[in-house]
Amino acid sequence: MSTEQTFEPGPDTVRTLRDAFGRFATGVTVVTTQTPDGPAGFTANSFTSLSLDPPLVIWSPAQASSRFALFAGAAYFAIHVLAEEEAHLCNRFIRGGAGFEGLAFDHSPEGIPVLAGTLARFDCTCHATHPGGDHLIVVGRVIRARARSGGPLVFSQGLFGGFTPPDASGTA
Ligand SMILES: Cc1cc2nc3c(=O)[nH]c(=O)nc-3n(C[C@H](O)[C@H](O)[C@H](O)COP(=O)(O)O)c2cc1C
């Protein structure tokens, strides 16, 4: 989309709709869970916070993903919010990425594989799932949260970057 465009979503505009959705800047997360075959991870930008009381978050795996069943049925999972300098972790957990191979990691008390050093981490139990078109809306109840200072990895229009506040007074 080089110029402004108005269109009705349909079979011929899937790519254009995807590009329009991509105008929304997000952070980047890696969702991890333990499976019978070992630890599994999934790069996701569909994460958002949902509720403070109770503490709930959301993310959405695509039904088309080869790892969909592992994550849709996970009783426990951890959502890692990546820092600006952690794009290498994002790349590990996309299609064809190295995954946990050669990566040092730990386990939460519940047995969730957890990555070191991320900007924030939310350990969750599965609270609910809801249909979401070609995705599944997974609602997690946060049982443990941790966060450190630092800048987030930002994703928009297919590109990764950092976040620079305009000036000190630009903080919310
Ligand atoms: C920045 C970024 C964010 C992504 N977010 C999601 C997401 O929220 N949900 C999703 O299903 N796939 C998302 N993906 C794609 C998945 O990480 C994965 O590559 C894709 O589902 C293919 O998985 P498969 O190899 O298991 O089939 C994202 C990829 C990137 C690079």
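**Ligand contacts**

I started at S60. One of its backbone N or O atoms lies 2.8 Å from a nitrogen atom of the ligand. I kept in mind that this is a predicted model. Next I checked T43. Here a backbone N or O atom sits 2.8 Å from an oxygen atom of the ligand. Then I turned to A62. A polar backbone atom of A62 is 2.7 Å from an oxygen atom of the ligand.

I then listed the surroundings. Which residues come nearest to the ligand? I found 17 residues around it, and S46, A62, S65, S66 and R67 come nearest.

**Largest pocket**

I looked up the volume of the largest pocket. It holds about 1600 Å³ of space. I counted 36 residues in its lining, and those closest to the centre are R18, N45, A62, H135 and F155.

Which element gives the largest share of the lining? I noted α1, with six residues. At least two lining residues each come from α1 (14-21), β3 (38-44) and β11 (154-156). I sorted the lining by residue class as well. It divides into 16 nonpolar, 13 polar and seven charged residues.

**Second largest pocket**

I moved on to the second largest pocket. Its volume is about 200 Å³. I wrote down the lining: D106, H107, V114, L115, A116, G117, T118, L119, R121, R146, A147 and R148. Two or more of these residues come from each of β7 (105-107), β8 (113-115) and β10 (135-147). By class I have five nonpolar, three polar and four charged residues.

**Cysteines**

How many disulfides does the structure hold? I found zero. C124 is in no disulfide, and its nearest cysteine sulfur, that of C126, is 9.3 Å away.

Is C124 buried or exposed? I have it as buried, because its relative accessible area is 0%. C126 has a relative accessible area of 30%, so I logged it as partly exposed.

**A74**

I placed A74 in the loop between α2 (68-72) and β6 (76-81). Why does A74 count as buried? Its relative accessibility is 6%, and buried means under 20%. I also took one distance from A74.

**Backbone geometry**

I checked the peptide bond from D53 to P54. It is cis, with omega near 5°. Where is P54? I found it in the loop between β4 (48-51) and β5 (56-59).

My last stop was Q157. It is not a glycine, yet its phi is positive, at about 55°. I located Q157 in the loop between β11 and β12 (159-161). β11 had already come up in my notes on the lining of the largest pocket.

Methods:
Residues numbered from 1 in each chain as written. Predicted model: local features only at pLDDT ≥ 70, side-chain atom pairs only at ≥ 80, totals over all residues. Heavy atoms only, no water. 1 Å grid on protein atoms, 1.4 Å probe; cavity = no way out; pocket = protein on both sides within 12 Å on 5 of 7 lines; lining within 4 Å. Points joined across faces, edges and corners; volume = space filled by probe spheres on them. Helix = DSSP H or I, 4+ residues; strand = E, 2+ residues; numbered from the N terminus. Nonpolar A, V, L, I, M, F, W, Y, C, P; charged D, E, K, R; others polar. Disulfide = S-S within 2.5 Å. Buried < 20%, exposed > 50% of the residue type's maximum accessible area, 1.4 Å probe, protein only. Near = heavy atom within 4 Å. Polar contact = N/O pair within 3.5 Å; in protein donor to acceptor, adjacent residues only side chain to side chain.
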